[in-house]
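Dear colleague,

I am passing on the structure that we discussed, and I would be glad if you could look through it with the notes that follow it.

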Amino acid sequence: MENGKFVIQGLEGQKVLEGKISVRGAKNAALKAFAASILFDDGIQIDNVPFIKDIESVSNLLKHLGVHVNQISERSFKLKSSGGINTDLADDIAKSLRASIVLSGPILAKEGKVSFSHPGGCVIGERPIDIFLESFEKMGANTRKDGEKYIVSAAKLHGAEIIFKIPSVTATETLMMTGVLTPGTTILHNAACEPEIVALADFLNAGGAEINGAGTHNVVIKGVDSLRSRKPFLTPSDRIEAGSLAILAAVCGKDIDIIDCQPEHLKVLLRALVSAGANIQETGKSIRIKSSPSLRSLDIKTHEYPGIPTDLQSPLAVLMTQATGKSFIFETIFEGRLNYLNELIRMGADITICDPHRAIISGPTSLRGREMESPDLRAGLAFIIAALIAKGESIIHNIYNIDRGYENIEERLRLINADIKRV
Ligand code: EPU
């Protein structure tokens, strides 16, 4: 699908970008708050919403279900589900984003049934949904497949003790939202701990839910009769956007101040950047990175929070092409998330892809500008960073995949003097 392209003039490895860049609200927090609207008896308000394609998609998905979605200002939405909503997720939209699966929990809890096709989203591995289906069954639901559709129904759900085989982010959020309105106590063992889960739990608790332990591996949810919204959901700043900008600053920044972010959500990444030689100053809400003479190789292993996020693996790979020595990547979360490295190789990087999870990158190498396709959201941003340090012009096609998660990235990068145009 051709949907616009970025044309970027490379800096030939010079560290010249400078200025302030502000971080937007987190996609993966806002999307879950949109899903939570289904649980509330009255309307909810969501603030600091990023202006990105995935928010448009989830809004359309909710509208199809019968939820009223109103944008009340540039970054604030009001959503109201008046009960008796449609229980079938529209295929064409649900297949475009993984977060659509998160709606299944609230719909099931409210309406006793839900049907949906396999959720889409970035093509970064198999992305099964067995944890969701098994957990719904544990809570008393029947699940079956009819053609492409999963059909989940329950005469009466009940609390259950659920042990996740893997700490899945969206499964933790979905089951937390299912448990909130389900009689009895639901316990999630081996739950994921990402900050977006804590933000969602805090919001639900402010509306009357009884969730304990969000942000740890054991989450306990006592079912309540109803939720009523008491205060808006304030979307936290996007730690993946902040981390990606920090990596960009380390490779091509002279003096870049990343503001409106929460460095405490990026401790392990920032530690890695410091060990690579980046010159970093943190305050409570900003990360300032000044150019350092050279970067050293890194050895990273992606991990659930608080480890190095898999979503930052591709920008880190670009940094490794500029670092002296042999760097190692071990991608532990997804099995299809190294394919973009072939494009960096075509730009001149020295990379050995050992297997679907591991790669060795030797540097420093100078990269050549190229014409390329953004394969997924995070690799798309990595290509922007690669294009910025390369020699010559690069063209990145399929930027829909970047707009899904980064708000007007080209306008914001121009503020720090990057030469990037949307055509
Ligand atoms: N998994 C299963 N069965 C399931 C669910 C997950 O085996 O039923 C496996 C996955 O295949 C993977 C592991 O569990 O190997 C962890 O995946 P997880 O479920 O945590 O990923 P997710 O919830 O689908 C969210 C983010 C991703 C982010 C991952 C990991 C959203 C909408 N997506 O995905 O974000 O990479 O957590 O942190 O919250 C992105 O924003 O670009 C993105 C891909």
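Contact, as the word is used below, means heavy atoms within 4.5 Å. Please keep in mind throughout that this is a predicted model.

I began with serine 135, which has its place in helix α5 (residues 130-138). Leaving aside its neighbours within four places in sequence, serine 135 is in contact with Ile162, Phe164 and Leu175, while its side chain reaches the backbone oxygen of isoleucine 131 at 2.6 Å. Is serine 135 buried or exposed? With a relative accessible area of 3%, serine 135 is buried, because the cut-off for that class is under 20%.

Serine 135 belongs to a set of buried residues in α5 that also includes Ile131, Phe132, Leu133 and Phe136. The cover over the buried residues of α5 includes the helices α4 (104-111) and α6 (169-180), together with the strands β6 (113-117), β7 (142-146), β8 (149-153) and β9 (161-163). Just after α5, glycine 140 takes a positive phi of about 100°.

Two of the elements that cover α5, namely α4 and α6, also pack on one another, at an angle of about 15° and with their axes 7 Å apart. The two helices, α4 and α6, are therefore roughly parallel, and their crossing is right-handed. On the side of α4 the contact is made by Ser104, Gly105, Pro106, Leu108 and Ala109, and on the side of α6 by Thr174, Met177 and Thr178. Sorted by class, this contact of α4 with α6 has four nonpolar and four polar residues, and no charged ones.

Another helix pair is formed by α1 (residues 27-36) and α7 (residues 195-206), which pack at an angle of about 30° with their axes 9 Å apart. Since angles under 35 degrees count as roughly parallel, α1 and α7 are therefore described in that way, and the crossing of α1 and α7 is right-handed. Here Asn28, Ala29, Lys32, Ala33 and Ala36 of α1 meet Glu196, Leu200 and Leu204 of α7. By class, the contact of α1 with α7 has five nonpolar residues, one polar residue and two charged residues.

Finally, I would draw your attention to helix α10 (residues 313-322), where 10 of the 10 residues are buried, so that α10 is largely enclosed by the rest of the structure. Among the buried residues of α10 are Gln313, Ser314, Thr321 and Gln322, as well as Leu316, Val318 and Met320.

With best wishes

Note on methods
Residues are numbered from 1 along each chain as its sequence is written. This is a predicted model: local features need pLDDT of at least 70, side-chain atom pairs count only at pLDDT 80 or more; totals for chains, interfaces and linings use all residues. Side-chain values use heavy atoms; hydrogens and water are left out. Axes are lines fitted to C-alpha atoms, for helices over the stretch in contact, and angles run from 0 to 180 degrees between N-to-C directions. Helices (H or I, at least four residues) and strands (E, at least two) are DSSP runs, numbered from the N terminus. Angles under 35 degrees count as roughly parallel, over 145 as roughly antiparallel, 65 to 115 as roughly perpendicular and the rest as oblique. A crossing is left-handed if the near helix is turned anticlockwise from the far one by less than a right angle, and right-handed if clockwise. Ala, Val, Leu, Ile, Met, Phe, Trp, Tyr, Cys and Pro count as nonpolar, Asp, Glu, Lys and Arg as charged, and the others, Gly among them, as polar. Buried means under 20% relative accessible area, exposed over 50%, partly exposed in between (1.4 Å probe, protein chains only). A polar contact is a pair of N or O atoms within 3.5 Å; within protein, one must be able to donate a hydrogen and the other to accept it, and residues adjacent in sequence count only if both atoms are side-chain atoms.
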